[in-house]
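Welcome! Take a moment to look over the structure below, and then we will walk through a few of its features together.

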Amino acid sequence: MSAAGWVPLLAAVVYLAMLAGFAELVERRERLRRLAKHPAVYCLALGVYATTWSFYGSVGFAARVGYGFLAIHMGVAVSCLAIPVLWRPLAGLVRRQRFQSVADLLAFRFQSQAAGVLVTTFMVLALLPYLSLQLRAIVETVAALAPGMSDTLGPVYAGVLSVFAAGVGARWADAPGSERRRRAGLLGALALESLIKCAVLLIVGALILVQVFESPAGLERWLAEHPESLTRMVAPVNDAPWTALCLGAFLAAFLLPRQFHVAFVERPTDRAMRHAIWAFPALLLALNLPLPVLYWAGEAEGLTDMRADLWVLELARREGLGLLVFIGGISAASAMVLVSCVALAGMLVHHVVLPLAVKTSPAGALRRLPLIRRVVIVALVLAGFVVHMGMRRGLLVDLGLVSFAAVAQLVPGVFSALFWPRATRRGFLLGLSAGILVWAGVTFLPLLAGPMDPLAVAPGVGTPRSTAARFADAMWLSLLVNSGLLAIVSLLDRQRPAEAAAAAACVRGRAGGVRGSVPADVEDLEQRLAQVLESKVATAELERALAALGLDRDERRPLHLRELAETIERNLSEHIGPLAASMVVSGPDAETSTKLAAELQFLERRGEAPARSELERALDLVRRYLSRVLAELPLGVCAVDREGEIVVWNRALVELTRIEGGRVLGARPRDLSAPWAELLTTALAEGGQRERRIRRTGAGPQILRLTCTRLDEGDVEAMGAVLLVEDLSERRALLAELSHRDRLASVGRLAAGVAHEVLNPLTGILMVARNLARELEQLEDGAELDPELELPERLGTVVSEAQRIEVIVRGLLTFSRGRKYDSAAELERDRVELEPLVDEAVRIARLARRERSVEVGVECPTGLEIEVDGQQLIQVLVNLLTNAIDASPEGERVELRCTPTQDGAQLEVLDRGGGIEAELAERVFEPFFTTKTAGEGTGLGLAVSHRIIAAHGGTLSWSPRDGGGARFVVHLPDMLRGEREVSA
């Protein structure tokens, strides 16, 4: 074995060591760490998309599909144009929930450990060929530079690369509780690698152009002399599956695990993503510029007998640039292997290893978490090498296309997480499983088993189609089956509450977490953590979250304890995944569930993310404003979430109930003290509007109006309810007092009429009494009783006149005595005849308006009965009649008509007054509204009458009368008649 054979391996080791040292230097130097957050570094780091496929395989792909090889990068450019509407919402969701992979996102969205396991297993299976692509390219490079050494150096290089990936890639994944820093070193290393591979390709392309064609003009002359070469680049374009290739690249640009990790998990700032819209495609353009030149140079040098993947290396070796191209290939391969293994290892640890370990030996597993990650990373690199050894030889691009088609299967789930909250767990799992089967049958199995084409139209076709053609079929068919099953099953399936809450957290941008019951206090939460984490780690996590939220260990408010638990959960989610973090915070045996955090209550003290867009700041101002409005409303507001826990308890409700908001937020209404527990629970359960009377300690009764409105999220189940609590006690007392004063004023006006009416019978009584007294004196002197004195008749006159006075006075007393009139429960209903009530009301009205020469005509059939509170009905009729008399000119006639109806009785009061102006018509029944001059009325008569009739379940309406005047109509339902009809 010659010493020169070890040169490639030595170069690889030196390069990887240099890269690791550079990453460490960036981490240690503050200035370099700040520089690593520059948008240019982020855009260069996205260049991890360009692997050995781009470095070597694109020339081989061009030999097959001509300029069609550009579709792989054009799709990325289109994907970058979608950054504002697709990448940015996804990045915001990843940042809010601290997701570390697409498996974390889908497991959280569908609240399913099975979803995380399926996505993880599928991604590992689908990307192992892609990992093997990188190793194959390096092994073949070694074979070209040092013939006979590939079998020896291949395994050695795989081992070196695995050590590099484990050491550099996993160094930031420390155990929970350690200090979290943005991985500036990783971004810096990836940016450096992108610069190196781009520079190598441009330098090699320029040198080979000069060596083979002497100048660009020489290349033009060669193409003119060999038009068939240009034709070979153009002709296959029409046959290439352009749309499928572009779609595959579009999706791979942000869904490949390595791209997802760099684009969203490692994203330093929002500004960086804005620059990626143009900078990332520009980088890919620079990488693609030399490729046509290298292809034509291979044809000019007669390399058509060897596989086109090796043309770049062979051309460079002939020109003495072999080691430089090897370094470029190492750069492309190591970047891809590094980030892919870090992302896949995180998925395996979060969704396969830790969920099992947390249930069996949680503390030990979490303590050994860094070691587990490193072992998984090494295992992935070595598994990729094993796949390379066992897979049939072919173009490097074939392996990449298989992985592209696999990544497309995640699209329905990811798009559902962002845009369709109705998707369900069963729909996602069935759709993804069906898509995987189609992908495996059309692209993956042929890659392993040799030439076969399950979708070939003619079974006797001698030459199977290319991987690119099968890739197009796999893309369209698998996506159709996957998304179709997801949509159909989701629409037929019932979404679990946990899924609905997680969907709301994803789609509407709310914070959300997965956990069991709210801890009783901080000590309870610490004990939960200590059951799974080491005591020191649990304490460190707790102290970190308390400091971030500005809370102390004495905190006992349920809502704030929930926020504390969610904060710890999100911190742990970054390192062990959302579902494992949920089990840690909830306790290994607790049943986990998803809840939406009550953001309105947190906004006043929550610290915001360091980098927020103008839109986020504007939305925050709106949230703060609405939160302040809720707090300051004079109306009591109580809101509960879908689980029935209180999330809003404003200041007015605190004053009404004497219960502090901090004691109830996060609790349930049934846990409140009496009488509020029964009152609020019943109102929330029954919905609608109701009035309740409660007894206050040391005070009179309290009248409350409770209005419950359920919150509906469209095709999602009800998300909770809002309860408005209004204290009507003071208002009712004020209205009763004003009504009583209005009645007393009416009594005062009645006094003169009563005095006049009483004087007439009183004069008669006095005259009869005086005559009888004189005659009785004569009897005492011995005179005999004159039979013509008609003593019985005269005494009867006295009695009748006295009874007349009694009726007048009693009517006055009855009218002046006030009672409540606000609800049906307060009425004293009796089965009465209407005619006597009407006569009484007319007599009182005439007394009150004795000075007015307005006739009152009555039409009321005898025997018309109805169930009413007679006293209250008299008050209504008196109010209507006195208003009609006041409005009518002298000498006119006011009419009172009573008619039976199918369900009760109707009373009409008609006058010939001036009527009511149209613009004032809507205010007729408003309290204190009157058209009379000052001092003639309080404006309460019609308002009080309207409330009395409403309490009877009837209606009081007004309309203009034909020919001038007004028409007031009272409709009273007969409750007894309605009950009889129902029973019949």
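Here is a short tour of some helices and residues in this predicted model.

## An enclosed helix

Let's start with helix H7, which spans residues 102-109. Eight of its eight residues are buried, so H7 is largely enclosed by the rest of the structure. Among these buried residues are Val102, Leu105 and Phe108, and also Asp104 and Arg109. Just after H7 you can find Gln111, which has a positive phi of about 50 degrees.

Leu546 sits in helix H27 (residues 535-549). Its relative accessible area is 4%, and because buried means under 20%, Leu546 counts as buried. Leaving aside residues up to four places away in sequence, Leu546 touches Val522, Leu551, Asp552, Arg553 and Leu564. Between the C-alpha atoms of Leu546 and Glu563 there are 10.0 Å, with 17 residues separating the two along the chain.

Now turn to Leu202, found in helix H10 (residues 184-213). Leu202 has 37% relative accessibility, so this residue counts as partly exposed. Together with Leu285 and Leu289, Leu202 forms a nonpolar patch on the surface, and the three share about 290 Å² of accessible area.

## Where two helices cross

Finally, find helix H38 (residues 870-887) and helix H39 (residues 941-951), whose axes come within 9 Å and cross at roughly 145 degrees. This crossing of H38 and H39 is left-handed. On the H38 side, the contact is made by Gln872, Gln875, Val876, Asn879, Leu880 and Asn883. H39 contributes Gly941, Leu942, Val944, Ser945, Ile948 and Ile949.

How values were computed. Residues are numbered from 1 along each chain as its sequence is written. This is a predicted model: local features need pLDDT of at least 70, side-chain atom pairs count only at pLDDT 80 or more; totals for chains, interfaces and linings use all residues. Side-chain values use heavy atoms; hydrogens and water are left out. Patches are made of residues with over 30% relative accessible area and no salt bridge: like charges are joined within 9 Å, nonpolar side chains (Val, Leu, Ile, Met, Phe, Trp, Tyr) within 5 Å. Accessible areas come from the Shrake-Rupley method with a 1.4 Å probe; for residues, only the protein chains shown count as cover. A salt bridge is a side-chain nitrogen of Lys or Arg within 4 Å of a carboxyl oxygen of Asp or Glu. Helices (H or I, at least four residues) and strands (E, at least two) are DSSP runs, numbered from the N terminus. Buried means under 20% relative accessible area, exposed over 50%, partly exposed in between (1.4 Å probe, protein chains only). Axes are lines fitted to C-alpha atoms, for helices over the stretch in contact, and angles run from 0 to 180 degrees between N-to-C directions. A crossing is left-handed if the near helix is turned anticlockwise from the far one by less than a right angle, and right-handed if clockwise. Contact means heavy atoms within 4.5 Å.
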